[in-house]
Amino acid sequence: MPARLDRIDLKMLRLLQNNGRLSNAELAETVAISPATCHRRTQRLFEDGFIATVRAMVAPKKVAKGTLVMVGVVLDRSTPESFAIFEQAIARLKFVLDCHLVAGDFDYFLKIRVGDMEDFNRIHGEQLIALPGVRQTRTFFVMKEVVDNAPLEF
């Protein structure tokens, strides 16, 4: 069981979630603790798994990946083995940003970024429908991203 979080830890998490580029000194000043204490607390938040990673959010359009596609996937069988085989295969595809096992009409939902519809058509025909166990896919082209990667509320 991870250590309990106090109000300072929670404030640090909120601040870092909104701006991962905060320096230790800036973070310490904002939460009113010493830089050494702030560094120790931040390290503990990483070690205890409260902060999984820190990375830059790249603007998709700037790197020619402006088209967002959501894909519902139905497998031909609903067994632990077929799920495991599909999950191993999908994890190797670099264009898949997210893959979620879901309940309902689909087995999985994928979040994919591509350059354009032609790019997706190629990927779909060459790689997605060739994945092990895939019986059906349903594609949803995102017309507008209203909320994407919003900070967690806690």
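Predicted model: local features only at pLDDT ≥ 70, side-chain atom pairs only at ≥ 80, totals over all residues.
Is glutamate 145 buried, partly exposed or exposed, and what is its relative accessible area? I looked it up: glutamate 145 is partly exposed, at 35% relative accessible area.

**Glu145 and its partner.** I found glutamate 145 in a salt bridge with arginine 113, with 2.7 Å between the closest N and O atoms. The two sit 32 residues apart in the chain: arginine 113 belongs to strand S3 (residues 108-114), while glutamate 145 lies in the segment after strand S4 (134-141). Arginine 113 comes out as buried, because its relative accessibility is 10% and the cut-off for buried is under 20%.

**Over to helix H3.** Next I checked aspartate 6, which makes a salt bridge to arginine 41 at 3.0 Å, N to O. This one also ties together distant parts of the chain, from the segment before helix H1 (7-18) to helix H3 (residues 35-47). Aspartate 6 is partly exposed at 31%, whereas arginine 41 is buried at 17%.

Then I looked at aspartate 9 and arginine 44, whose closest N and O atoms are 2.8 Å apart in another salt bridge. Here helix H1 holds the aspartate and helix H3 the arginine, 35 residues apart. I got 1% relative accessibility for aspartate 9, so it counts as buried. Arginine 44 has 24% and counts as partly exposed.

**Putting it together.** My count for the model is nine salt bridges.

Conventions
Residues numbered from 1 in each chain as written. Heavy atoms only, no water. Salt bridge = Lys/Arg side-chain N within 4 Å of Asp/Glu carboxyl O. Helix = DSSP H or I, 4+ residues; strand = E, 2+ residues; numbered from the N terminus. Buried < 20%, exposed > 50% of the residue type's maximum accessible area, 1.4 Å probe, protein only.
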